[in-house]
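Here is a short briefing on one protein chain. Please read it with the structure open.

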Amino acid sequence: MQSLYVEGNSVMHRLSPRVKLLSLAIFSILLFITGNLVLLSLAVLAAAILYSMVGLPLGAALRRLRPIFLTIAVVALFNLLFNPWQQALVPPLRLTALMLLAAAVTATTSITAFIDEVTALARPLERTGRVRADDIGLALGLVLRFVPEIVDRYQAIREAHRARGLKVRPASLLAPLIILTLKDADNIAAAIDARGIRRHGS
């Protein structure tokens, strides 16, 4: 499996995972508190600068964000159709800033560090008796590992359709993508159970 983590020694790499996660949470809250276009534009600029420091070539950095950029573009288009432009720009600016900072955090924090930090932060929730911190950390780690895998598989299926001269339609791509992803999920679940990672009460 691939990882979104990028080796490096930038300022973002040197920050502790806890600081980065808490900063991302605070940044997210502040983004949705303000609707000032100038402040939101500055937030996008700051997040873009941080993302540019992770050590990825420009092309690779943009390719990682392309699916999310397309989603934000659709949101922006719908907002422009139904709202004044000043109001319509607020959601895409918020989402772009959040996406860039989240991408920077993800690229500069290893999967292991993510799992360990989230597990530690979730440990107090075990007192409720409803969750296990280890399960939360494991779930997050699997999501982070699966995201690039699913994107690459989608692109491979799309290229295979084009190579066969088939018309590329979302419906025709989603079916094989979902089937392959579920097969991988079953294999991973079987491996987890075989190793006894999720044995409750151990």
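Pro 92 lies in helix H6 of this predicted model. Pro 92 has a relative accessible area of 9%. That is under 20%, so Pro 92 counts as buried.

**Pro 92 and its surroundings**
- Beyond its neighbours within four places in sequence, Pro 92 is in contact with Ile 72 and Ala 76.
- Pro 92 and Phe 69 are 23 residues apart along the chain. Their C-alpha atoms are separated by 9.4 Å.
- The backbone oxygen of Pro 92 lies 2.6 Å from a polar atom of the Thr 96 side chain.

**Thr 96**
- Thr 96 also has its place in helix H6, which covers residues 90-107.
- Is Thr 96 buried or exposed? Its relative accessibility is 13%, so Thr 96 counts as buried.
- Leaving aside neighbours within four places in sequence, Thr 96 is in contact with Val 44, Phe 69 and Ile 72.

**Asn 79**
- Asn 79 sits in helix H4, residues 58-82.
- The relative accessible area of Asn 79 is 16%. The cut-off for buried is under 20%, so Asn 79 is buried.
- Which backbone atom lies 2.8 Å from a polar atom of the side chain of Asn 79? The backbone oxygen of Val 75 does.
- Setting aside neighbours within four places in sequence, Asn 79 is in contact with Ala 88 and Pro 91.

**Ala 47**
- Ala 47 is found in helix H3, residues 37-52.
- Ala 47 is buried, at a relative accessible area of 2%.
- Ala 47 touches Ala 97, Leu 100 and Leu 101, not counting residues up to four places away in sequence.
- Ala 47 and Met 99 are 52 residues apart in sequence. From C-alpha to C-alpha, Ala 47 and Met 99 are 8.5 Å apart in space.

**Second largest pocket**
- The second largest pocket has a volume of about 160 Å³.
- Which residues line the second largest pocket? They are Arg 66, Pro 67, Leu 70, Ile 150, Val 151, Tyr 154, Gln 155, Arg 158 and Leu 177.
- The lining of this pocket divides into six nonpolar residues, one polar and two charged.
- Helix H4 and helix H8 (133-163) each supply at least two residues of this lining.
- H8 gives the most to the lining, with five residues.
- Why does the second largest pocket lie between domain 1 and domain 2? Domain 1 (9-108) and domain 2 (112-193) both give residues to the lining, so the pocket lies between them.

**The chain as a whole**
- The secondary structure comes to nine helices and zero strands.
- Read along the sequence, the pattern is α-α-α-α-α-α-α-α-α.
- The protein chain has 202 residues, and buried residues make up 31% of them.
- How many of the contacts with a separation of 6 or more link residues 24 or more positions apart? In this chain, such residues account for 69% of those contacts.

Conventions: Residues are numbered from 1 along each chain as its sequence is written. This is a predicted model: local features need pLDDT of at least 70, side-chain atom pairs count only at pLDDT 80 or more; totals for chains, interfaces and linings use all residues. Side-chain values use heavy atoms; hydrogens and water are left out. Helices (H or I, at least four residues) and strands (E, at least two) are DSSP runs, numbered from the N terminus. Buried means under 20% relative accessible area, exposed over 50%, partly exposed in between (1.4 Å probe, protein chains only). A polar contact is a pair of N or O atoms within 3.5 Å; within protein, one must be able to donate a hydrogen and the other to accept it, and residues adjacent in sequence count only if both atoms are side-chain atoms. Contact means heavy atoms within 4.5 Å. On a 1 Å grid over the protein atoms alone, a cavity is a set of points where a 1.4 Å probe fits but cannot get out, and a pocket is an open set with protein on both sides within 12 Å along at least five of seven lines; lining residues have an atom within 4 Å of a point. Grid points are joined across faces, edges and corners, and a volume is the space filled by probe spheres set on the points. Ala, Val, Leu, Ile, Met, Phe, Trp, Tyr, Cys and Pro count as nonpolar, Asp, Glu, Lys and Arg as charged, and the others, Gly among them, as polar. Domain bounds come from an automatic or database domain assignment.
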